[in-house]
Amino acid sequence: MTSPARRLEGKVALVTGAARGQGRAHAVRLSAEGADVIAVDVCAQPATTHYAGATPDDLAETVRLVEAQDRRIVARQADVADFAALSAAVSDGVAELGRLDVVVANAGICSAGNSWEITLEQWNETVAVNLTGVFHTAKATIPTLLEQGTGGSIIITSSVAGLRGLPFLSAYAATKHGVVGYAKSLANELAQHRIRVNTVHPHGVATGMTVDDLQPLIAAHAQTLAPIFMQALPDQYSEPEDIANAVAFLASDEARHVTGIQLPVDLGTLIR
């Protein structure tokens, strides 16, 4: 990462799913830009994923990295699917850090399967975290942004799957399409208050969120459906910091006239 421009001096950013991966990268990058951070993560194993969940030690490492930027951080374990717990975490952070300016609704999970074969538990957990969790995050934070009267930026992590019907990921794609519609409605409602709302759309990102149950399905359909996942650029994956670069821009005043957009950071996947 190049030396950041300190575009967020004096501001406070909330990041959900902050214990590792993209969420940690967002927390670190925004703190490097001058922001204090409210970091929230459930730090538990999802019931329906094939990869391990984040841990309290992961969240502690995020705290260490933010503090290494000489910024303050309030870290809480809370499930975005639990509105009361998330609201309490937000309230604690605002009370300690004094305000809220940037909201990064990043927490998410993913599992794979043919659309008619995914379990009810898979569907319900994916919707609870990826879609309802974004609604909870907005509902827990927007009143503070409105009360402050100083504008703000809300950034929601969607996906290439939020703009394309990726096979074998229908529950995930449904939620990631859903947050795009929700963000557009929010953007219209909040623009008069100078609160901007945008979504970012990564392709594959090198995090702990490895969807191992997807690979056999892609291999089994190598001649038919697998090409949908191909990127244009030669890199196989983005790094979390690549997505954090986009988030930092959207959070900053350099993007003060940018709202309601879907920003791909996708290695050119969507041009295929």
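Predicted model: local features only at pLDDT ≥ 70, side-chain atom pairs only at ≥ 80, totals over all residues.

Let's start with strand S1, which covers residues 12-16. Five of its five residues are buried, so S1 is largely enclosed by the rest of the structure. Val12, Leu14 and Thr16 point one way from the strand, while Ala13 and Val15 point the other way.

Which strands does S1 pair with? One is S2, residues 36-41, joined to S1 by five bridges, and another is S4, residues 102-105, joined by three bridges. Both pairings are parallel. Ala13 takes part in each: its bridge partner in S2 is Val37, and its bridge partner in S4 is Val102. There is also a helix in this story: S1, helix H1 (residues 21-32) and S2 make a right-handed β-α-β unit.

Is Asn106 buried or exposed? With a relative accessible area of 9%, Asn106 falls under the 20% cut-off, so it counts as buried. Leaving out residues up to four places away in sequence, Asn106 touches Thr16, Gly17, Gln22, Gly23, His26 and Thr157. Thr16 is one of the buried residues of S1.

Now for helix H7, residues 240-251. Its twelve residues reach 16 Å from the first C-alpha to the last, close to the 16 Å expected at 1.5 Å a residue. Buried residues in H7 include Pro240, Ile243, Val247 and Leu250. What covers the buried residues of this helix? The cover includes H1 and S4, along with strands S5 (152-157), S6 (195-202) and S7 (262-265).

| Residue | Relative accessibility | Class |
|---|---|---|
| Cys43 | 10% | buried |
| Cys110 | 5% | buried |

How many disulfides are there? The count is zero. Cys43 is in no disulfide, and the nearest cysteine sulfur to its own, that of Cys110, is 20 Å away. A disulfide is a covalent bond between the sulfur atoms of two cysteines.

Definitions and conventions
Residues numbered from 1 in each chain as written. Heavy atoms only, no water. Disulfide = S-S within 2.5 Å. Buried < 20%, exposed > 50% of the residue type's maximum accessible area, 1.4 Å probe, protein only. Helix = DSSP H or I, 4+ residues; strand = E, 2+ residues; numbered from the N terminus. Pairing = 2+ DSSP bridges. Right-handed = clockwise from strand over helix to strand, strands pointing away. Expected span 1.5 Å × (residues − 1). Contact = heavy atoms within 4.5 Å.
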